[in-house]
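Subject: Structure handover

Hello,

Here is the structure for your files. My notes on the contacts follow below it.

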Protein chains: 2
Amino acid sequence: MAEMRGGENLLFLTDEQLRQGIEAMFFAYRGFTADPDRILATMAYGRAHHRAMHFIARSPGTTVNNLLAILGVTKQSLNRVLRTLIEDGLVESCVGSTDKRERHLTLTEAGAALERKLSDAQRARMRAAYRAAGPQAVAGFRQVLEAMMDPDMRRRYHAIRESET
Amino acid sequence: MAEMRGGENLLFLTDEQLRQGIEAMFFAYRGFTADPDRILATMAYGRAHHRAMHFIARSPGTTVNNLLAILGVTKQSLNRVLRTLIEDGLVESCVGSTDKRERHLTLTEAGAALERKLSDAQRARMRAAYRAAGPQAVAGFRQVLEAMMDPDMRRRYHAIRESET
DNA sequence: CTTGGAATGTCAACAAAGCTGACTTAATAT
DNA sequence: ATATTAAGTCAGCTTTGTTGACATTCCAAG
């Protein structure tokens, strides 16, 4: 434990501590995606579909370009995912009113239902982890994750909250 | 909504808080892998090679079976990665002394050098994040990540440390 | 009004990294 | 002896990413 701050105790910055953090990220991310993945495996969708639906649910009416920036993939890759979701009636794509080049994406009823199902599974694990660790640990968790992001991603991460009305 | 219990404050368990945590994991993981990925993109290797080398570096002499369990992939998938690493002289595979069916994996000089390069890049980001967040936040970060793991993975996560001699 | 550039969509081809299933070889365990 | 285990291999498939080329639509600047 990093205690006794004579001046500063930097033991938490040793290579060994960092390696453990790296491994913790690896193993935890597996858990993080495991539950939605299990659900998705039973249908014709994958993690990419989940991600798209998550951010459409989060920012209804978002544009394709915005989603591209958030997800950090090429439009061809996103388009493939989006096309199947639209074809299957889970996502709706509406031509923009001010700028008719843009497409605004929203979840249909069915899309929202699936998103909720996936989200519920993922949140259940998250909730259990949060509850087990306690509020102070959660605050630290969030701090470290934020510091780990690329600056662009950190901006987008905050932008999502700010766009909430 | 989980609102103000009498004693405990459970505001950190609201769906909104959990969603933010989920998004933080997503964006942070991207940052987490970004630096090694950039290095790997310049050679014929990918993230899978990095992961294999990481855990071989961590547990020198580990067996293929053990690595399979840690990485959570099929032997066919791991074998493809391992084969190229062995062919390129980054990993050495030695027949076991007690059980000759087993292959014990170790990094060669060149393998260790590449692993160090990738690891340095990843640790640099981790160190910056840790330093920015502080030791208490780091402790919380670790606690939440650990609580998020599948029990099997949590065992393995600890086993790696215990196997350190 | 025309034209340049941005936003979107689409086609084709390809690569990384996962998967299943079937099978071999060698060595250990029963 | 036989069954099981560890490792490796072959073939084929899926998901999800990538480039590059190209068409369409539409806003905005000249």
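This is a predicted model. Across the interface of chain B and chain A there are 29 residue pairs in polar contact, both partners being at pLDDT 80 or more. The largest share, 19 residues, comes from α1(B). Sorted by class, that side of chain B has 32 nonpolar, 12 polar and 16 charged residues.

As for the extent of the interface, 60 residues of chain B are in contact with 61 residues of chain A. The two chains bury about 6,500 Å² between them, and carbon and sulfur atoms account for 68% of it. The count of salt bridges between chain B and chain A is 12. In one salt bridge, the side chains of R58(A) and E23(B) meet at 2.6 Å, N to O.

How are the two copies related? Chain B superposes on chain A by a rotation of 180° with 0.0 Å of shift along the axis, at an RMSD of 0.1 Å. This is the relation of a two-fold axis. F141(B) is the residue of chain B that comes closest to the rotation axis, with its C-alpha at 1.8 Å. Of the interface residues of chain B, 100% are also interface residues in chain A, so the copies meet through the same surface.

Next, the domains within one chain. Chain A is divided into domain 1 (28-123) and domain 2 (134-165). Their centres, taken over C-alpha atoms, are separated by 21 Å. Five residues from domain 1 of chain A and five residues from domain 2 of chain A make up the contact. About 480 Å² is buried between these domains, 56% of it given by carbon and sulfur atoms. R58(A), A69(A) and I70(A) supply 77% of the area that domain 1 buries against domain 2, more than any other three residues. R58(A) is also the residue that forms a salt bridge with E23(B).

Which polar links join the two domains of chain A? On the domain 1 side, α2 (47-58) and α3 (64-71) of chain A each supply at least two of the residues that touch domain 2. The residues on that side divide into three nonpolar, one polar and one charged.

Regards

Definitions and conventions
Residues are numbered from 1 along each chain as its sequence is written. Chains are lettered from A and ligands numbered from 1 in the order in which they are written. This is a predicted model: local features need pLDDT of at least 70, side-chain atom pairs count only at pLDDT 80 or more; totals for chains, interfaces and linings use all residues. Side-chain values use heavy atoms; hydrogens and water are left out. Domain bounds come from an automatic or database domain assignment. Contact means heavy atoms within 4.5 Å. Buried area is the accessible area (1.4 Å probe) that two parts lose on being put together, summed over both. Helices (H or I, at least four residues) and strands (E, at least two) are DSSP runs, numbered from the N terminus. Ala, Val, Leu, Ile, Met, Phe, Trp, Tyr, Cys and Pro count as nonpolar, Asp, Glu, Lys and Arg as charged, and the others, Gly among them, as polar. Copies are superposed by least squares on the C-alpha atoms of residues with pLDDT of at least 70 in both. A salt bridge is a side-chain nitrogen of Lys or Arg within 4 Å of a carboxyl oxygen of Asp or Glu. A polar contact is a pair of N or O atoms within 3.5 Å; within protein, one must be able to donate a hydrogen and the other to accept it, and residues adjacent in sequence count only if both atoms are side-chain atoms.
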